[in-house]
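Notebook open, viewer loaded. I want to jot down what I look up as I go, one entry at a time.

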Amino acid sequence: MHPVDWAIIAIYLVWIVWDGLRLTKRSHELEGYFLGGRSLPWWAVGLSVMATQLSAITMIGTTGQGFNDGMRFLQFYYALPLAMIALSVTLVPFFHNARVYTAYEYLEKRFDAKTRAFTSLLFLVSRSMSLGVVISAPAVVLSVVIGLSVTQTVLVTALPTIVYTMFGGVQAVAWTDVKQMVLIVGGLLAAVVVLIVGLPADVSLPDALRIAGSTGRLQTFDFTFDITNQYTFWSGTIAAFFLFCSYFGTDQSQVQRYLTTPSVAAARESLLLSAYWKIPLQALVLLVGVLMFVFYTFTPRPLLFDARQEKAMREGPRAADFAALERRFEAATASRAAAAAVMTRARTTGDAQQLATAGEQFKATEAQTRAIRGEAVNLVKAVTGDANYNDVNYVFPTFITTRMPVGVVGLLIAAIFAAAMSTIAGELSALSTASVIDFYRRFIRPDASDHHFLMVSRLATAFWGLLASVVAVFAAQLGSLIEVVNRFGSYFYGSILGVFILAIGFPRATSNGAFVGLLAGMSSVAALIAFTKVAFLWHNLIAAVAVVVVGMIVSAVDPFARPRTGAGA
Amino acid sequence: MTRRATSSYLRVFIIWVAVLGLLYAFQQYFS
């Protein structure tokens with residue numbers, strides 16, 4: 001990388017830490033540290049929520065998915081606006097009016113301490129593990145593209161984030177998120193511009209989109225009903241609705257953010273910002289991947305985007321086999337480029353016959369290219385013994401470092417850092433809040449001073465950050481990161497949502513009913529994973545229903561049931 | 001629910017339908 005790009009990254013890292021630390025003076029008591037004194041503006045909170053979700057995995061994994069599979073992943077987000085409306089009507093007013101620090105604190109007010117402690121523990125375990133994966137994503141990128149080790153990259157990403165989150169609290173998290181979000185969106189738009197400018201002179205943007213469309217990469221609606229497939233319209237609108245209700249409504253990293261707003265109306269507006277912008281933003285990320293596919297249709301590309309692995313294969317025991325694959329790949333991509341050029345010319349001249357013939361040839365050579373890439377990946381798997389190997393996460397980083405102009409490379413690598421750091425900061429703050437409020441203050445030192453809790457909270461932030469960094473070093477060995485992160489949460493998300501549905505929607509639900517229901521929901525997910533091929537998105541719906549049904553049955557026969565007058569809050 | 005909140009939800013719903021419609025048109029036009 002050019003020294004200018006290194007300088008941009010260094011300036012970004014120093015500036016973001018300084019910017020976060022500036023807010024330390026506003027975090028001298030617990031409510032300021034964890035909830036920003038409940039005074040943050042809705043738009044900053046809304047952007048912060050979006051920045052937390054847009055991780056480095058989105059920048060790397062989702063662009064790779066766009067390159068490989070196209071835009072069908074977008075269907076995953078279709079239910080999000082509807083979930084935001086449902087939450088604005090139901091959970092948001094309950095949490096805000098209950099004046100709680102954590103979502104799980106509300107469960108003790110409604111049920112009992114064990115339900116609160118158990119749900120909070122599930123959050124702490126699953127989130128600290130998935131945070132490790134979130135940190136490892138840029139480590140995987142940068143260790144390959146700029147030559148740092150995975151461990152060094154983990155430290156460069158995590159340590160500055162730990163520092164500003166530890167001292168600045170949720171205010172530092174929210175305000176740095178706002179700036180990081182601007183950098184991320186600016187970086188993505190810069191990538192789109194570079195990709196369009198990089199197309200051959202006679203290939204316009206509509207031509208490029210038609211080339212991508214002919215391979216099915218612009219398919220954003222799949223109406224087949226198949227519960228073993230995540231990416232269909234029905235999975236994205238029905239099953240994902242429950243995932244988003246659970247994530248935005250019961251996950252501390254999200255709930256904490258809208259508790260920092262001064263009113264229910266402001267909290268609602270902050271959530272609705274995601275309702276408006278999440279689908280277009282994901283479409284932009286996927287479009288970068290799709291445009292990279294078109295760009296590499298006309299530009300020579302490596303057989304593997306993972307340069308380190310490609311070098312190892314060329315020098316390894318199966319070098320001859322790999323070289324043969326590379327020769328076949330070069331010939332296939334050349335034929336594909338020729339067919340794409342004929343398609344574009346035929347469209348310009350209006351020659352329908354030639355367009356149809358070239359279109360068929362393009363599809364055939366594209367299938368051939370995919371097959372050879374598949375063979376290369378299988379060869380890597382055979383040589384390394386890594387059954388999960390995939391180079392899809394390397395496509396965007398490789399494009400950035402090999403095809404982007406000086407300066408823009410630094411900007412985009414900084415944007416990947418920003419995506420990682422904004423997510424890490426939000427999660428660290430939530431982990432610290434849940435561990436201090438739901439465990440330390442509840443069970444260990446209920447009567448300590450605010451000053452004491454503030455000190456413990458800062459230590460907790462550092463602890464979770466360092467633990468996640470250790471997990472990150474090991475998580476870097478995993479394959480497709482995006483699926484892994486989503487799976488971690490899916491073991492618990494639906495069940496926790498079920499408990500909140502019981503808490504708010506069923507006044508007759510008892511604490512024992514909620515607790516047994518929660519166990520039943522988690523067991524149902526374990527059974528689904530062990531015995532079926534049902535896609536993980538549907539686990540959320542099935543688990544939530546299991547919790548409510550079992551919870552109500554147990555509540556009906558609960559000998560320790562206490563009469564309740566209302567839904568709590 | 002206040003009238004202001006209801007109109008916010010209605011606006012989100014209308015824009016959601018419009019965005020999905022645009023995406024469907026985009027898919028059909030370029031495929």
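Where is the place of A:Arg99 in chain A? I find A:Arg99 in the loop between helix H6 (91–98) and helix H7 (103–110) of chain A.

**Ground rules**

I'm working on a predicted model, where local features need pLDDT of at least 70 and side-chain atom pairs count only at pLDDT 80 or more, while totals for chains, interfaces and linings use all residues. Residues are numbered from 1 along each chain as its sequence is written, and chains are lettered from A and ligands numbered from 1 in the order in which they are written.

A:Arg99 is partly exposed, with 13 other C-beta atoms within 10 Å. For my own reference, 20 or more other C-beta atoms within 10 Å of a residue's own makes it buried, 12 or fewer makes it exposed, and anything in between is partly exposed, with C-beta atoms placed from the backbone. Helices here are DSSP runs of H or I with at least four residues, strands are E runs of at least two, and both are numbered from the N terminus.

Then I went to A:Arg38, which has a positive phi of about 50° although it is not a glycine. A:Arg38 is found in the loop between helix H2 (30–35) and helix H3 (42–53) of chain A. The count for A:Arg38 is 16 other C-beta atoms within 10 Å, so it is partly exposed.

I checked helix H4 (residues 56–69) of chain A for length: its 14 residues reach 19 Å from first C-alpha to last, close to the 20 Å expected at 1.5 Å a residue. The expected span is 1.5 Å times one less than the number of residues. Of those 14 residues of H4(A), 12 are buried, so the helix is largely enclosed by the rest of the structure. Among the buried ones I noted A:Met59, A:Gln65 and A:Phe67. Just after H4(A), A:Gly70 takes a positive phi of about 90°.

I ran the length check again on helix H21 (residues 493–505) of chain A: 13 residues should span 18 Å, and the end C-alpha atoms are 18 Å apart, which agrees. H21(A) has 11 of its 13 residues buried, so it is largely enclosed by the rest of the structure. The buried residues include A:Tyr493, A:Phe500 and A:Ala503.

**Two buried residues in helices**

A:Tyr164 has its place in helix H9 (residues 150–197) of chain A. With 25 other C-beta atoms within 10 Å, A:Tyr164 is buried. Leaving aside neighbours within four places in sequence, I get contacts (C-beta atoms, placed from the backbone, within 7 Å) from A:Tyr164 to A:Val17, A:Gly20, A:Leu21, A:Ala172 and A:Thr176. A:Tyr164 and A:Thr24 are 140 residues apart in sequence and 8.3 Å apart in space, C-alpha to C-alpha.

A:Met421 sits in helix H18 (residues 408–444) of chain A. A:Met421 is buried, with 32 other C-beta atoms within 10 Å. Leaving aside neighbours within four places in sequence, A:Met421 is in contact with A:Ile16, A:Thr157, A:Thr161 and A:Gln180.

**Helices H22 and H23**

How do H22 and H23 meet? The axes of helix H22 (residues 511–531) and helix H23 (residues 536–557) of chain A come within 7 Å and cross at roughly 145°. Axes are lines fitted to C-alpha atoms, for helices over the stretch in contact, with angles from 0 to 180 degrees between N-to-C directions. The contact includes A:Gly517 and A:Leu528 of H22(A), and A:His539 and A:Met552 of H23(A). By class I get 15 nonpolar, 8 polar and no charged residues. Nonpolar means Ala, Val, Leu, Ile, Met, Phe, Trp, Tyr, Cys and Pro; charged means Asp, Glu, Lys and Arg; the others, Gly among them, are polar.

**Chain B**

Last entry: chain B has 1 helix and 0 strands. The C-alpha trace of chain B spans about 45 × 10 × 5 Å along its principal axes. Of its 31 residues, 10% count as buried. I find 16 residues of chain B in contact with 18 residues of chain A. The side of chain B that touches chain A has 13 nonpolar, 3 polar and no charged residues.
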